[in-house]
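This report is meant for a reader who is meeting the structure for the first time. Please look through the sequence and the view below before reading on.

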Amino acid sequence: MVEEALLAQINGPYVCPAQAGPAWRAACEYGFDMSLVEDALRKTPEERLEEHQRALNLVLEILAARTLHFPHGSR
Amino acid sequence: MVQDDKALLLRLGQHHVEFVIIGGVCGIMHGVSLVTTDLDVCCRFAPDNLYRIQAAVKDLHPYHRLAANKLPLELTDELCARLKNLYLQTDLGKLDCLGEVAGIGDFEAALRDSVVFGLSYGDFRVLNLDAAIAAKEAVGRPRDLEAATQLRAIKERTQA
């Protein structure tokens with residue numbers, strides 16, 4: 001039996017920590033998923049660059065596919 | 001489309017280009033979660049350094065990506081003396097070399113406001129957190145302000 005509190009965490013969005021400072025809270029309130037930043041801060045700068053490169057490669061693949069399917073920029 | 005920031009940084013380092021990483025990649029290195037599609041660096045705009053940039057990318061079919069007709073990168077002493085920025089497209093992606101950083105100043109100012117990040121393939125100078133925030137706020141586009149919002153949060157979290 002899954003407890004309601006755990007289920008809420010599983011289903012819910014990122015919850016800004018209670019002890020977060022004003023800048024962190026502002027970023028949360030803006031709508032950023034700050035769990036991504038928390039993940040990044042656990043990595044070294046080199047690991048951050050590598051992860052960014054993987055994300056960028058995916059973005060570029062999608063852009064290339066869009067150009068292939070919509071060569072005249074109709075979408 | 002290719003954007004290989006590591007390969008571009010390696011080449012700049014191997015050719016002893018004097019530069020500081022700015023822009024989106026600077027933010028990434030500090031922990032920002034947003035994706036950026038070019039590599040921005042602030043460089044010393046002296047002829048010797050500009051020729052080093054050219055040497056670093058010479059076999060990558062570099063051209064001035066904002067100029068008409070994909071004007072190839074072919075530096076001369078006269079051109080070097082008049083250049084303020086180099087917006088390059090190469091076979092490894094976009095490389096924007098700027099003579100000044102908004103909100104910070106020229107290369108010397110960027111250098112003063114930088115920190116060294118040691119990577120396995122070299123040590124690279126990157127704008128420090130305060131300078132990165134100031135630069136993003138000075139540019140002021142929505143995406144820059146978003147990055148500044150994350151950078152301020154990162155500063156608060158890491159320098160508390």
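## A covered helix in chain B

A residue is called buried here if 20 or more other C-beta atoms lie within 10 Å of its own. The model is a predicted one, and by this cut-off helix 2 of chain B, which spans residues 23-30, is mostly covered, with eight of its eight residues buried. Those buried residues are Gly23(B), Gly24(B), Val25(B), Cys26(B), Gly27(B), Ile28(B), Met29(B) and His30(B). Just after the end of helix 2 of chain B comes Gly31(B), whose phi is positive, at about 125°.

## The nonpolar core

The largest nonpolar core has 53 residues, and the members that touch the most others are Val20(B), Ile21(B), Ile22(B), Val41(B), Cys42(B), Cys43(B) and Leu127(B). Cys42(B), one of these, has contacts with Phe19(B), Val20(B), Ile22(B), Leu98(B), Val101(B), Phe107(B) and Ala110(B), when residues up to four places away in sequence are not counted.

## A hairpin in chain B

Strand 8 (residues 114-119) and strand 9 (residues 122-127) of chain B pair in the antiparallel sense, and six bridges join them. The two strands form a hairpin, with two residues between them. Within this pairing, Gly118(B) has Asp123(B), in strand 9 of chain B, as its bridge partner.

## Where the chains meet

## Chain A and Tyr14(A)

Chain A is divided into domain 1, covering 1-42, and domain 2, covering 44-75. Taken over C-alpha atoms, the centres of these two domains of chain A are separated by 26 Å.

Tyr14(A) is placed in the loop between helix 1 (4-11) and helix 2 of chain A. Tyr14(A) counts as partly exposed because 13 other C-beta atoms lie within 10 Å. Not counting residues up to four places away in sequence, Tyr14(A) touches Asp33(A), Met34(A) and Ser35(A). Leu41(A) lies 27 residues from Tyr14(A) along the chain, and their C-alpha atoms are separated by 16 Å.

Notes. Residues are numbered from 1 along each chain as its sequence is written. Chains are lettered from A and ligands numbered from 1 in the order in which they are written. This is a predicted model: local features need pLDDT of at least 70, side-chain atom pairs count only at pLDDT 80 or more; totals for chains, interfaces and linings use all residues. A nonpolar core is a set of buried Ala, Val, Leu, Ile, Met, Phe, Trp, Tyr and Cys residues joined through C-beta atoms within 7 Å. A residue is buried if 20 or more other C-beta atoms lie within 10 Å of its own, exposed if 12 or fewer, and partly exposed in between; C-beta atoms are placed from the backbone. Two residues are in contact if their C-beta atoms, placed from the backbone, lie within 7 Å. Helices (H or I, at least four residues) and strands (E, at least two) are DSSP runs, numbered from the N terminus. Domain bounds come from an automatic or database domain assignment. Two strands pair if DSSP finds at least two bridges between them.
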